[in-house]
Amino acid sequence: MRVNPSAGPKAVVGALRESADVLGFESPIDAATHVMRRLEELPPAERGNPIPAYHTSASETVRKGRAKSEGVTDGTLNLLFERQAQLTPLATVTLVTRVRIMGDGTAYLAEHGWPALPQRPVHAFSGRPEELLEQARVGLADPEVPLDQSLLLLWGARIGSADLVGTQEQRLLVAERAAVRGGEIRRTVARAEQLASGPEWYAACLYRSMLENLFEGFLGAVTFAVVKSEDIDDVDEELKEGLPQAEGAVPEAVPAGVPEGHWWWRAPFARS
């Protein structure tokens with residue numbers, strides 16, 4: 001779409017909101033690349049048919065999100081739109097859409113998903129740890145519920161309590177229901193390794209913590225019947241190498257309550 005970049009910020013933002021449904025990426029290849037890399041950052045309810053669903057989620061963020069200008073660089077204006085999306089009744093996620101406006105007024109989507117450089121935790125939990133644990137347990141029993149949603153709820157329960165949450169029976173049920181989804185767990189490990197070697201430090205740390213919480217808090221010795229220890233080691237090696245080089249990481253984005261053993265959250269700030 002096209003806007004009048006000289007019309008002023010308020011008018012430009014208004015025009016983008018009105019035409020949010022027709023905003024697209026610069027090219028079909030660019031769109032497909034973003035979908036492949038970032039679809040899993042969206043709430044499960046917004047994933048659907050990948051490419052149309054991803055565009056719909058981005059359009060919704062432009063239409064309803066809080067707008068912020070990143071200024072003009074080389075004649076190009078970058079605008080950020082941010083909204084809080086519901087993951088479950090007990091959890092929300094921050095989504096950000098970047099719109100790039102060229103000097104001739106051409107506007108297109110440049111990014112959509114979790115904030116690349118978050119200034120606060122991307123995920124927020126409103127339920128009690130016991131409620132998060134129970135919702136995760138129910139989700140693990142339903143193959144239609146993505147594994148990452150249940151792992152995120154388990155993580156929310158973990159950082160929300162100084163002690164282990166739930167009875168032994170509840171934790172055993174979680175372990176049993178997670179263990180039968182071994183293929184998804186292995187894909188999540190592969191996803192964690194992919195993130196560990198990229199620029200998204202928050203996503204890399206979050207995925208590693210969700211896995212560690214599952215392994216340490218629930219699966220225990222069963223872990224290595226589900227995943228190979230060397231695969232976990234590979235993720236950690238990538239984190240050790242990449243996180244100290246992470247640019248733009250701020251301590252304020254680290255969730256409160258991170259366990260001491262999750263060293264990766266401190267790695268971006270341990271530069272010599």
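User: What makes the space in the largest cavity a cavity, and how much of it is there?

Analyst: This is a predicted model, and the largest cavity holds about 90 Å³ of space. It's called a cavity because a 1.4 Å probe fits there but cannot get out. The whole structure has 3 cavities of 30 Å³ or more.

User: Which residues are closest to the centre of the largest cavity?

Analyst: Of its 13 lining residues, those are E40, W114, H123, D148 and L152. By class, the lining divides into 7 nonpolar, 2 polar and 4 charged residues. Helices α5 and α8 each supply at least two of the lining residues.

User: Why is L152 called buried?

Analyst: Its relative accessible area is 7%, and buried means under 20%, so L152 qualifies. L152 is found in helix α5, residues 147–159.

User: What is L152 in contact with, leaving aside neighbours within four places in sequence?

Analyst: L87, H123, F125, L206 and M210. Contact here means heavy atoms within 4.5 Å.

User: How do you know which elements matter for the lining of the second largest cavity?

Analyst: That cavity has about 70 Å³ of space, and its lining includes L154, A157, R158, N213, G217 and F218. The elements giving two or more residues to that lining are α5 and α8. The lining residues split into 6 nonpolar, 2 polar and 3 charged.

Terms used
Residues numbered from 1 in each chain as written. Predicted model: local features only at pLDDT ≥ 70, side-chain atom pairs only at ≥ 80, totals over all residues. Heavy atoms only, no water. Helix = DSSP H or I, 4+ residues; strand = E, 2+ residues; numbered from the N terminus. Buried < 20%, exposed > 50% of the residue type's maximum accessible area, 1.4 Å probe, protein only. 1 Å grid on protein atoms, 1.4 Å probe; cavity = no way out; pocket = protein on both sides within 12 Å on 5 of 7 lines; lining within 4 Å. Points joined across faces, edges and corners; volume = space filled by probe spheres on them. Nonpolar A, V, L, I, M, F, W, Y, C, P; charged D, E, K, R; others polar.
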